[in-house]
Amino acid sequence: MLPGEDRAARRVLLVCMAAGVTTLLDQSVLNIAVPALRQSLEAGPSDVQWIVAGYSLTFGLMLVPGGSLGDVRGRKGLFLVGLSTFVLCGVVAATGGRPDMVIVARLVQGAGAGLVNSQVIGTLQDVFSGLDRARALGLYAVTGGVAAALGPGLGGALVAAFGPEPGWRLCLLLNTPCGLLTLWLAFRWLPATRRTGRRSQLDWWGLMWAGALTLALMLPFISTPGSGRAAALWAGAALVLAGCFAVGQRLRVRAGRAPLVHPALARSLPYTLGTGIAMASFGSSLAATLVLTMFLQSGLGLSALTAAAVTLPSAVAMGVTSAVAWRVVRHLGPHTVTVGLALGILALLAGAAATVSAPRTALPLVLAAVQLLSGAAAGLTIAPNQAQVLQHAPAEAAGVAGGILQMAQRIAAAVALSAVSGSYLRGSSGATGLPRTAFAHATLLCAGLLTVAVALSLLRPRLTGRRGPPALPASAHRQSAPVHKEPS
């Protein structure tokens, strides 16, 4: 059965899963329509990067303050406000006539999505406990992950059916019916607003430093490439901001105030390593999907529907492997995540090699086979890794562990989307652009991120001192296996 035994708990889980589908589907469904959007709005490369990466940036930065506000003011009202903002800004972005209007709408929409998902995390932690909580959070992550994998297929169908100009706008409007249905279910089924009566101690300075650091890492990839001196200045700024963040956290702890990152989480090496794995794999996955859909359309000249068909095997494979991942965990334990990440690297390397060597006519079929392997790898990674991360969150920081994990993933995604898409757009643009070579280079960047994740995954068992399997993912219960990740 689903986590929790009573009907009310199952309804809460259904609302949370619907929220995950709505907000995570939104970004992936737009990927397939980026070439059409770019042509329709005459958007430049930096505009495209802000549209796709800005959403993840504000999504991630809103998670922690949203969770803190939910603790103080209750979660249901903030959930409804955040989802209403998300839906409204989706309509504004879909009807925008200029790139800057779409960018602003996507930034605010991302903040609304972050507010919603922070309430989801808090609500699941309020309603479920123990192993049921880990399973509920895992099921939420897997549902969102599979929805994100299905996004390109839905977007491709819309663009193919209605044409490029209305197609990309309908992609942005796709979240409207999903969001309205989720709003209605949340109004009926989410628990009544409860207030703790205590004052929020959110670390606004820590959040500011984290946001500034993320921007310092993003902007070099979004702006026009400059000299080595400019790159050095950006690197220096990032180091200074990282130092300010670290010092600010220490000073806040000494003052007896709650920092942005709970000290117990920072001291937990298994949690830190697991979060690093999640950041690298999440950022790599989103960036690889984005550049693939752009390459298939702008580089190979395929229709949106054909490009979507190439990505569809990933969603199918992810759904199947997510459903059976718990069986693999029983045999391989924490090494399941390592195996999944290694398969992901293999898929990316195979895709890069095929891109520069396979005949043009055979390339879509080869890339579809690569996507099948990539989806299987993701299914073995998402829920098992989240279960391990949350399992090793210290008891005194269990309430914020999920929020920090999702925030870290979204910030990593913003940087990865900026870097990888920037690499592809620069390499494929202009009269001398080489789309195949540019796509191969961008894919290798994603493989490099997963290589870092593999190294961290190999270190984790040694630090935990465990040889047995970790807590089972959300699909551990036979009846709770998803039929098809976040954020987490």
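These are my notebook entries on what I looked up in this structure, which is a predicted model.

**Entry 1: the overall picture**

I began with the secondary structure and found 17 helices and 0 strands in the protein. Next I asked how much of the chain is tucked away: of the 488 residues, 57% are buried. I then looked up the accessible surface, which comes to about 19200 Å². Carbon and sulfur atoms account for 67% of that surface.

**Entry 2: the largest pocket**

Rolling a probe the size of a water molecule over the atoms shows where empty space is left. I used that idea to look at the largest pocket, which holds about 760 Å³ of space. Which elements give two or more residues to its lining? I noted α9 (204–222), α11 (263–267), α12 (269–299), α16 (398–428) and α17 (435–464). The largest share comes from α16, with 9 residues.

The lining has 27 residues in total. Those nearest the centre of the pocket are T275, M279, A408, I411 and A412. I also sorted the lining by class: 23 residues are nonpolar, 4 are polar and none is charged.

I searched the whole structure for aromatic pairs and found 2. One of them is F295 with F439, a stacked pair with 4.5 Å from centre to centre and 5° between the planes. F295 sits in helix α12 and F439 in helix α17, so this pair ties together parts that are 144 residues apart in sequence. Both F295 and F439 are buried. I kept F295 in mind, since the name comes back in the next entry.

**Entry 3: L367 in helix α15**

I turned to L367, which lies in helix α15. Is L367 buried or exposed? Its relative accessible area is 2%, and the cut-off for buried is under 20%, so L367 counts as buried. Leaving out residues up to four places away in sequence, L367 touches L292, F295, L296, V310, G351 and T355.

**Entry 4: G375 and S314, two residues that touch**

Helix α15 (residues 363–391) also holds G375. At 0% relative accessibility, G375 is buried. What does G375 contact beyond its neighbours within four places in sequence? I listed S314, A317, M318 and T321. From G375 to M318 the C-alpha distance is 4.5 Å, although 57 residues separate them in sequence.

Apart from residues up to four places away in sequence, S314 touches Q371, L372 and G375.

**Entry 5: A308, also in helix α13**

I stayed in helix α13 for A308. A308 is buried, at 3% relative accessibility. Where do its contacts lie in sequence? With residues up to four places away left out, A308 touches I32, P152, G153 and G156. I compared A308 with L154 as well: they are 154 residues apart in sequence and 7.6 Å apart in space, C-alpha to C-alpha.

**Entry 6: T336 in helix α14**

My next stop was T336, found in helix α14 (residues 335–357). T336 is buried, with a relative accessible area of 0%. Beyond its neighbours within four places in sequence, T336 is in contact with V328, V329, L380 and P384.

**Entry 7: E42, out in a loop**

I finished with a residue in a loop. E42 lies between α2 (34–41) and α3 (45–73). Is E42 buried or exposed? Its relative accessible area is 72%, and exposed means over 50%, so E42 is exposed.

I looked at the backbone here too. Most residues other than glycine have a negative phi. For E42, however, phi is near 55°, a positive value in a residue that is not glycine.

Conventions. Residues numbered from 1 in each chain as written. Predicted model: local features only at pLDDT ≥ 70, side-chain atom pairs only at ≥ 80, totals over all residues. Heavy atoms only, no water. 1 Å grid on protein atoms, 1.4 Å probe; cavity = no way out; pocket = protein on both sides within 12 Å on 5 of 7 lines; lining within 4 Å. Points joined across faces, edges and corners; volume = space filled by probe spheres on them. Helix = DSSP H or I, 4+ residues; strand = E, 2+ residues; numbered from the N terminus. Nonpolar A, V, L, I, M, F, W, Y, C, P; charged D, E, K, R; others polar. Buried < 20%, exposed > 50% of the residue type's maximum accessible area, 1.4 Å probe, protein only. Areas by Shrake-Rupley, 256 points an atom, 1.4 Å probe, with all protein chains shown as cover. Contact = heavy atoms within 4.5 Å. Phe/Tyr/Trp six-rings, centres within 6.5 Å; stacked < 30°, edge-to-face > 60°.
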